[in-house]
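I opened the notebook today to look at a few helices, charged pairs and a surface patch.

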Amino acid sequence: MTDPGERFWRRQARRLARRANLAFWFARWAPLAAAAAGVAAPLLLLARRSHRTSLAAAGLAGALLAVALAAAWLVRRRFLREADGLVWLEARLGLYSRLSAAAAGVGAWPDTARYAPAFRWRGLRAATPILFALGLLAAAALVPLSAPEAAPLAPPEAPAAWRQTEEWIRSLEEKKVAAPEALQPFSERLDQLRAQPQKSWYGESSLEASDTLRDQLRSEVRSLASDLDAAAGAFGTEHGMPAETAVDQRALRDALKGLSSRTLRLRPDLMKQMQGAAALQKMPALDASRLARTLREGAGFCRLSIRECRPGDTDCWRVVAGRTGNGNGGIDRGPGPAPLTLNAEASSLQAKRTEGVSNSDLSQAALGDVVGTSTGTHAVTARAGGLSAGGAAATGSGGEVVGNSQLTPEERRILARYFK
Amino acid sequence: MSGTPAAQSDVEAAARRLSLLRTALGAVLLGQEALVDSVLVGILARGHLLLEGLPGLGKTMLVKALGRALGLAVRRIQFTPDLLPGDITGNPILQEVDGRRAFVFQPGPIFGNLVLADEINRASPKTQSALLEAMQEQRVTVLGQEHALPDPFFVLATQNPIELEGTYPLPEAQLDRFLFKLDVTRSSVAVLERIVLERTIGRDPDVPAVCDADALRELIALAGRVFLPKVVATYIARLVDATHGAAGVRYGASPRAALALGAGARARALLHGRINASFEDVQALAPAVLQHRLGLDYAARLEGRTPAAVVAALLAEVAPHDRPLPAALEGAPR
């Protein structure tokens with residue numbers, strides 16, 4: 001093929017055939033793609049809501065490709081070849097079949113100057129379905145979506161140390177043993193811990209700080225209770241109802257010194273009474289007895305606040321067990337709540353649908369009931385080295401019993417009867 | 001196509017000679033250029049022609065002028081109901097030859113290069129059939145003896161579309177022998193004015209002889225060598241095939257019609273100086289080739305449809321291109 005005219009005309013024919021074939025394919029593909037877009041648009045919206053946009057885009061691209069291949073398959077019989085392009089060119093350009101004759105080797109190829117663009121696209125009409133499809137997809141891809149309504153997340157349960165600390169502070173405030181301003185630093189530090197982001201609540205530093213705060217408060221309360229007991233002991237008990245009671249000033253001063261130096265200070269009026277008593281060698285027995293009882297009650301309240309009862313302090317233990325008032329002849333007299341009745345306070349178990357029960361009678365508890373929760377530390381036995389996967393927990397040293405039956409003779413008989 | 005394809009130079013030389021012929025005939029048959037072209041195409045395609053038109057439109061003059069321009073022997077036969085086959089083919093006459101009496105064949109008027117069969121539909125079917133053999137076989141048989149007709153041999157028959165009483169319409173088999181059926185239409189006022197000014201009743205206009213029988217044979221041979229592209233042949237086949245089953249058509253065109261279209265397309269291309277036939281040639285000749293070969297059904301005839309209208313509808317329906325273009329592509333303005 002050395003004739004420039006032949007090259008030119010054949011190239012034009014191929015070009016026309018390509019355009020025609022593309023138009024055929026496009027005309028078939030466009031409505032199919034529009035239909036696919038109509039289906040894909042709502043799916044794309046759903047994918048965006050579920051944050052699977054990339055997956056949806058890949059699926060959409062695959063669907064469009066499949067549709068494109070299907071369209072090409074459907075219109076393949078209508079595709080034009082180079083010879084068809086020559087025919088259309090010679091017909092349109094008025095060449096009286098010269099191109100077909102020249103292609104058959106008869107006569108020369110026409111002058112290339114006779115060529116003129118013979119066909120043009122009616123693009124807008126053909127592209128209407130695609131514009132529609134693109135509009136649908138663009139709307140599905142760009143329309144703003146409200147954030148999906150996530151299931152309301154239950155706030156994480158506060159660390160146990162916080163709950164304990166808060167409970168102790170509230171109890172101390174109710175009992176009014178300590179000065180209110182003395183509890184303020186603990187409350188502020190607890191608030192600071194609460195103000196952390198929730199995801200940091202159980203961080204190592206947060207838990208360490210929480211434990212430190214709790215331990216510090218407990219230590220302060222213990223010390224306060226101890227000092228109050230010591231102070232109460234400074235007022236000697238005289239038998240036979242004497243008029244005056246001697247005051248152990250040294251012990252009282254030591255107690256006052258301890259009370260004054262602590263962070264958790266005693267309430268001021270009680271402190272003042274103690275300071276007044278410390279200045280006396282003797283004081284009226286009735287006043288001394290009342291003050292001593294007040295101080296002991298304060299010490300008891302302190303221990304009760306942190307749930308640490310002294311042995312023999314039945315009142316304290318009763319309160320801690322939640323059995324206040326039983327058997328006192330009131331309207332709630334009796335053996336206490338019926339077994340497995342719900343507790344007055346709801347359990348803070350978040351997503352679980354279980355409730356704590358109000359007593360420890362487990363005779364009628366059903367399987368799965370939560371009979372109680374407790375906070376504590378695991379007793380972990382420190383080992384020199386952990387077991388590796390596949391490792392043996394123990395190695396024999398020779399002469400040991402390898403299989404050790406744990407069954408009772410009765411169980412063995414039952415099993416023997418069953419497998420007989 | 002016989003032999004090698006026609007060379008461009010040969011075709012151009014033939015076109016020049018044919019142009020002279022067209023000019024000569026056009027000077028005689030005023031305002032009938034299309035008819036003259038069709039007749040020349042028919043002659044170049046070695047076909048017989050059926051001219052249909054009212055009396056006085058120049059049919060006879062066309063044949064006479066054609067004979068003079070081509071240098072051919074022209075014979076005229078006026079067909080009448082009492083015309084016998086022997087009146088056309090010739091009769092054996094008892095004569096004395098070398099002292100003995102013998103039948104000697106006396107050739108009839110059909111023995112000419114160009115035979116004008118005037119008002120052919122007025123002859124009896126028997127006489128018409130005598131013409132059938134001559135047209136197809138280019139010979140006549142009398143008393144069992146064959147007599148070859150001169151070469152070239154053309155029959156240009158005429159028939160009058162009116163005054164059909166007492167006529168014998170040509171049977172389909174005989175119609176199929178005619179390459180073209182050409183309608184001779186009346187002229188416009190301007191042409192009539194020229195006729196009135198330039199013609200005199202009773203005196204035929206002078207027509208120069210442009211070529212002779214040998215040159216005509218060369219032209220006919222050259223027309224046969226004009227290239228017919230395969231796509232054009234395919235178009236002819238699809239067009240002829242579409243006549244079968246077309247609306248209003250009782251029977252369609254025969255394969256002879258396809259041959260006629262191919263030969264006519266080649267001849268028309270030669271007339272226009274082209275070395276190959278084209279779709280345009282086929283479309284231009286399709287009415288002349290097909291309309292007398294289509295049999296319309298009763299309903300179509302009742303509706304007043306004509307074969308020419310059916311052919312026009314077919315041409316609009318059957319696209320030349322086997323594979324259409326998509327709707328998204330349209331012809332650019334030129």
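Before anything else, the cut-off I work with: I call a residue buried when its relative accessible area is under 20%, and exposed when that area is over 50%. I also keep in mind that this is a predicted model.

**Entry 1, a buried pair in chain B.** I looked up B:Arg293 and found 7% relative accessibility, so it counts as buried. Its partner is B:Asp176, and their side chains meet in a salt bridge at 2.6 Å, N to O. The pair ties together distant parts of the chain, 117 residues apart: B:Arg293 sits in the loop between α11 and β11 (295-296), and B:Asp176 in the loop between α6 (172-175) and β9 (178-184). I checked B:Asp176 as well, and at 12% it is buried.

Next I took B:Arg46 and B:Asp151, whose side chains form a salt bridge at 3.4 Å, N to O. They are 105 residues apart, with B:Arg46 in the loop between α2 (33-44) and β1 (48-53) and B:Asp151 in the loop between β7 (145-148) and β8 (154-159). Buried or exposed? B:Arg46 is partly exposed at 42%, and B:Asp151 is partly exposed at 36%.

I moved on to A:Arg10 and A:Glu6, which meet in a salt bridge at 3.0 Å, N to O. They are four residues apart in helix α1 (residues 4-49), so about one helical turn separates them. I noted A:Arg10 as buried at 14% and A:Glu6 as buried at 16%.

I followed α9(B), residues 230-242: it has 13 residues and reaches 18 Å from first C-alpha to last, close to the 18 Å expected. Which of its residues are buried? I list B:Val232, B:Tyr235, B:Ile236, B:Leu239, B:Val240 and B:Ala242. They cover an arc of only 160° around the axis, so they lie on the same side of α9(B). On the other side I find B:Lys230 and B:Asp241 exposed. The buried residues pack against α10 (255-271), α11 (279-290) and α13 (307-317) of chain B.

Last, I found a nonpolar surface patch made of A:Leu407, A:Leu415, A:Tyr418 and A:Phe419, with about 470 Å² of accessible area together. I placed A:Phe419 in the segment after α13 (409-418) of chain A, and at 64% relative accessibility A:Phe419 counts as exposed.

Terms used:
Residues are numbered from 1 along each chain as its sequence is written. Chains are lettered from A and ligands numbered from 1 in the order in which they are written. This is a predicted model: local features need pLDDT of at least 70, side-chain atom pairs count only at pLDDT 80 or more; totals for chains, interfaces and linings use all residues. Side-chain values use heavy atoms; hydrogens and water are left out. Patches are made of residues with over 30% relative accessible area and no salt bridge: like charges are joined within 9 Å, nonpolar side chains (Val, Leu, Ile, Met, Phe, Trp, Tyr) within 5 Å. Accessible areas come from the Shrake-Rupley method with a 1.4 Å probe; for residues, only the protein chains shown count as cover. A salt bridge is a side-chain nitrogen of Lys or Arg within 4 Å of a carboxyl oxygen of Asp or Glu. Helices (H or I, at least four residues) and strands (E, at least two) are DSSP runs, numbered from the N terminus. Buried means under 20% relative accessible area, exposed over 50%, partly exposed in between (1.4 Å probe, protein chains only). The expected span of a helix is 1.5 Å times one less than its number of residues. The arc is that of the directions from the helix axis to the C-beta atoms. Contact means heavy atoms within 4.5 Å.
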